[in-house]
Amino acid sequence: LKASKFKGNFDFTNARSMYPYLEKVEDDFLIWLIGFFEGDGSFIFSKELNIVITQREDNKHTLEMIVEKLKIGQVIVQSKNLVPGKLWIFRWILRDLRSINIFMRILEGNLVVPMRIHKHRLFAEKHNEKLLRAKQNRPNKYKDIEPLNINKLPLKPSLKQQILPIKPKYIWIKGFKSYYA
C-alpha cells in the first residue's frame with residue numbers, strides 16, 4: 001500500500017492533508033510509532049507542554065530514526081550515568097507548537113489504549129489554549145497551524161481500533177513492545 005492510502009483501522013488522512021510531507025512516511029512506520037508511543041511515550045503537562053519518548057542508550061538509534069522520518073523533535077540526553085557499565089538515558093522530545101501539532105494529528109483517532117486516548121484529549125485542550133495565545137501574540141508565525149478539533153477526538157477506543165486486522169495490530173504491538181525491524 002502507498003503511504004497515502006488508509007491502512008487497516010489507522011487513518012492518517014487528516015494529518016497528511018494538513019502536513020503533506022507526511023505522505024512520504026510509510027503507514028507501517030506511523031502505526032508502529034503509535035504503538036511505541038503508547039508503550040513508552042508521555043504527554044508532559046507543565047508550564048511548557050512536551051511530548052516525549054524515553055529510551056536507554058542502547059535504543060537511542062530508534063529515537064534518531066523517529067526524528068529522521070518525521071522531521072520533528074530532537075534527541076537529548078536525559079541523564080548521564082557516571083557508573084561504568086551503566087547506560088545513559090535519552091529522550092525524543094517535542095517542545096514547539098508546530099511539532100506537537102503534527103504529532104497530535106498523527107495520533108488523532110488512532111490511539112488504542114483508553115488512558116492514552118484520555119490523556120491525548122486533555123493534552124489537546126492545553127495545546128489548543130497555548131496555540132491560541134501564541135497566535136494572538138505572533139499571528140504570522142503560527143497562522144498555518146490549526147487547533148485540534150476537540151469535539152472530534154474520541155473519548156474511548158472506537159470499535160475499529162478494538163478489532164484491528166492482523167497486520168496493523170502486529171505492527172502496533174511491535175511498537176508497543178519497543179521493537180521495530
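A residue is called buried when its relative accessible area is under 20%, exposed when that area is over 50%, and partly exposed in between, with a 1.4 Å probe and protein chains only. By this rule Lys71, at 59% relative accessibility, counts as exposed.

The structure is a predicted model, in which local features need pLDDT of at least 70 and side-chain atom pairs count only at pLDDT 80 or more, while totals for chains, interfaces and linings use all residues. Residues are numbered from 1 along each chain as its sequence is written, and side-chain values use heavy atoms, with hydrogens and water left out.

Helices (H or I, at least four residues) and strands (E, at least two) are DSSP runs, numbered from the N terminus. In helix α3, which spans residues 60–70, the residues Thr62, Leu63, Met65, Ile66 and Leu70 are buried. They cover an arc of only 155 degrees around the axis, which puts them on the same side of α3, the arc being that of the directions from the helix axis to the C-beta atoms. The exposed residues His61 and Glu68 lie on the face turned away from that buried side.

Lys71 is found in the loop between α3 and β3, and its positive phi occurs in a residue other than glycine. Most residues other than glycine have a negative phi.
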